[in-house]
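These are my notebook entries on one protein model. I began with the overall layout and then turned to single elements and residues.

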Amino acid sequence: MNSIKAILSHPIFSGLSRQEAEDLARYCEVLVLPKDQIIVQQGELSEEMYVLIKGSLSIRVRDSFGDESEVGRLSKGEIFGEMGVFEKAPRSASIYSDTESVVLCIPGDGFHTMVAEGQAAMYVLLQHTLQ
């Protein structure tokens with residue numbers, strides 16, 4: 001799946017023009033993940049945020065004894081990892097793909113550039129994130 005098609009197929013971005021989707025696509029990468037793939041690891045530093053385009057993800061947290069438990073699930077349309085962009089803090093949980101999944105990865109540098117440029121996609125993304 002190419003970036004523009006993935007962006008335009010997502011409900012969050014459905015109101016974007018093709019040009020606005022192309023602008024967003026310049027800064028993003030579409031990741032096709034097999035089942036049981038780890039996307040982010042608890043404790044790692046990361047500046048990417050993600051939009052789940054297709055599939056199902058599980059949120060898992062490791063306790064001080066090293067035991068990992070599922071604390072939530074993400075489904076199509078949800079945004080995750082945004083705190084890595086906003087706060088540059090270590091990941092508070094690990095995210096795994098429960099099924100073959102497609103995610104849009106937005107690097108922190110690209111995110112900040114698009115915000116500074118006033119790109120419409122960032123307004124839509126921020127509005128959705130703050131809900």
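In which order do the elements of the protein run from the N terminus on? I read them as α-α-β-β-β-β-β-β-α-β-β-α-α. That gives five helices and eight strands; helices (H or I, at least four residues) and strands (E, at least two) are DSSP runs, numbered from the N terminus.

**Basis.** I note that this is a predicted model, in which local features need pLDDT of at least 70 and side-chain atom pairs count only at pLDDT 80 or more, while totals for chains, interfaces and linings use all residues. Residues are numbered from 1 along each chain as its sequence is written, and side-chain values use heavy atoms, with hydrogens and water left out.

**Overall dimensions.** I looked up the radius of gyration, taken over C-alpha atoms, against the globule rule of 2.2 Å times the number of residues to the power 0.38. For 131 residues a compact globule would have a value near 14 Å, and the 15 Å of the protein agrees with this. Along the principal axes, the C-alpha atoms fill a box of roughly 50 × 30 × 25 Å. Of the 131 residues, 44% are buried, where buried means under 20% relative accessible area (1.4 Å probe, protein chains only). I next considered contacts (heavy atoms within 4.5 Å). Among those between residues at least 6 apart in sequence, 74% join residues at least 24 apart.

**The sheet.** I traced an open sheet of four strands in the order E2-E7-E4-E5, with antiparallel pairing; two strands pair if DSSP finds at least two bridges between them. Its edge strands are E2 (38–40) and E5 (68–75), each of which pairs on one side only. E2 pairs with E7 (residues 94–97) over two bridges. In this pairing, Ile38 stands opposite Tyr96 of E7.

Most residues other than glycine have a negative phi. Asp36 lies in the loop between E1 (29–33) and E2.

I then examined Ser3, which is in helix H1 (residues 3–9). Ser3 counts as buried because its relative accessibility is 17%. Apart from residues up to four places away in sequence, Ser3 touches Ala25, Cys28 and Val30. Ala25 belongs to helix H2 (residues 18–25) and also counts as buried, at 15% relative accessibility. Although Ser3 and Ala25 are 22 residues apart along the chain, their C-alpha atoms are separated by 5.5 Å. Beyond its neighbours within four places, Ala25 is in contact with Ser3, Ile4 and Ile7.

**Nonpolar cores.** A core here is a set of buried Ala, Val, Leu, Ile, Met, Phe, Trp, Tyr and Cys residues joined through side-chain atoms within 4.5 Å. The largest has 24 residues, and those with the most contacts inside it include Ile7, Phe13 and Val51. Elements giving two or more residues to this core are H1, H2, E3 (48–54), E8 (101–107), H4 (108–117) and H5 (120–129). A second, separate core of 13 residues includes Tyr50, Leu57, Ala93 and Val103.

How values were computed
Buried means under 20% relative accessible area, exposed over 50%, partly exposed in between (1.4 Å probe, protein chains only).
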